[in-house]
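Let us take a friendly walk through a protein fold, one piece at a time. Please keep the sequence and the 3D view open while you read.

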Amino acid sequence: MRHGTRLGIDPGDARIGVARSDPTGFLATPVETVRRGGGDLRRLGAILKEISEDSEVVEVVVGLPRSLKGGEGPAAVKVREFAVALARRVAPVPVRLVDERLTTVSAEAMLRDRGRKGSNRRAVVDQAAAVFILQHALDTERATGTAPGEIVEEQA
């Protein structure tokens with residue numbers, strides 16, 4: 001397992017959930033929900049900078065929505081475009097895309113089971129989904145010994 005903090009991102013149409021790991025790469029925790037739109041990449045860059053003041057950030061993990069059969073639709077195309085823009089913003093920190101099937105559904109169910117209702121749940125579901133995405137990536141790396149997902153290339 002590589003040492004260093006990872007940032008987990010769940011990009012949605014309205015909000016972006018953000019999570020981070022501890023420096024050992026063992027546990028993912030929620031950080032913030034960023035409103036999607038003008039300034040969102042700047043805010044994500046600022047979050048990464050804040051975290052890097054305390055710990056080396058080794059990568060950013062972005063959830064890639066796939067169908068249950070593994071295919072990619074219009075949502076995946078949007079996330080790939082977002083990931084390229086994010087990679088430009090946070091370079092030289094690498095950005096990786098990882099499969100995020102059912103993470104929002106899992107996050108919603110977990111929050112509902114814990115008694116979160118309505119708007120209170122919507123306010124944190126994106127962060128919880130980012131935690132699920134990042135924790136899955138951490139667990140995968142720990143189990144396989146290799147970095148999860150696919151690296152995003154900064155396109156000119």
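What follows goes from the whole chain to its sheet, then to a few residues and a pocket.

## The chain as a whole

This is a predicted model, in which local features need pLDDT of at least 70, side-chain atom pairs count only at pLDDT 80 or more, and totals for chains, interfaces and linings use all residues. Residues are numbered from 1 along each chain as its sequence is written, and side-chain values use heavy atoms, with hydrogens and water left out.

The chain has four helices and six strands. Here helices (H or I, at least four residues) and strands (E, at least two) are DSSP runs, numbered from the N terminus. Along the sequence, these elements follow the pattern β-β-β-α-β-α-β-α-α-β.

Of the 156 residues in the chain, 42% are buried. Buried means under 20% relative accessible area, exposed means over 50%, and partly exposed lies in between, using a 1.4 Å probe and protein chains only. Among contacts (heavy atoms within 4.5 Å) between residues at least 6 apart in sequence, 65% join residues at least 24 apart.

## The sheet

In what order do the six strands form the open sheet? The order is β3-β2-β1-β4-β5-β6, with mixed pairing. At the edges are β3 (28-35) and β6 (150-151), each of which pairs on one side only. Strands of a sheet pair through backbone hydrogen bonds, either parallel or antiparallel. For this report, two strands pair if DSSP finds at least two bridges between them.

| Strand pair | Sense | Bridges |
|---|---|---|
| β1 and β2 | antiparallel | five bridges |
| β1 and β4 | parallel | five bridges |
| β2 and β3 | antiparallel | seven bridges |
| β4 and β5 | parallel | five bridges |

You can find individual partners in the view. Proline 11 stands opposite isoleucine 16 in β2, and leucine 7 stands opposite valine 60 in β4. Valine 18 has glutamate 32 in β3 as its bridge partner, while glycine 63 has valine 98 in β5.

β1 and β2 form a hairpin with three residues between them. The hairpin of β2 and β3 has six residues between the strands, and there glycine 25 takes a positive phi near 75°. Most residues other than glycine have a negative phi, and most peptide bonds are trans. A cis peptide bond joins alanine 91 and proline 92, with omega about 15°. Proline 92 is in the loop between α2 and β5.

## Inside strand β1

Is β1 enclosed or open? Seven of the seven residues of β1 (residues 5-11) are buried, so this strand is largely enclosed by the rest of the structure. In a regular strand the side chains alternate between the two faces of the sheet. In β1, Thr5, Leu7, Ile9 and Pro11 are buried on one side, and Arg6, Gly8 and Asp10 are buried on the other.

Helix α1 (residues 40-52) lies across β1, β2, β3 and β4, at about 150° to β3. Helix α2 lies across β1, β2, β4, β5 and β6, at about 165° to β4. Axes are lines fitted to C-alpha atoms, for helices over the stretch in contact, and angles run from 0 to 180 degrees between N-to-C directions.

## Two residues to look up

Is arginine 96 buried or exposed? Arginine 96 counts as buried because its relative accessibility is 16%. This residue is in strand β5 (residues 95-99). Leaving aside neighbours within four places in sequence, its contacts include Val60, Val61, Pro148 and Ile151.

Histidine 3 lies in the segment before β1 and is exposed, with a relative accessible area of 57%. Not counting residues up to four places away in sequence, histidine 3 touches Pro23, Thr24 and Val58.

## The largest pocket has a volume of about 270 Å³, where volume is the space filled by probe spheres set on the points, and grid points are joined across faces, edges and corners.

The largest pocket is lined by 15 residues, with Pro11, Gly12, Asp13, Val79 and Glu100 nearest its centre. Which element gives the largest share of the lining? That share, four residues, comes from α2. By class, the lining has six nonpolar, two polar and seven charged residues. Ala, Val, Leu, Ile, Met, Phe, Trp, Tyr, Cys and Pro count as nonpolar, Asp, Glu, Lys and Arg as charged, and the others, Gly among them, as polar.

Note on methods: On a 1 Å grid over the protein atoms alone, a cavity is a set of points where a 1.4 Å probe fits but cannot get out, and a pocket is an open set with protein on both sides within 12 Å along at least five of seven lines; lining residues have an atom within 4 Å of a point.
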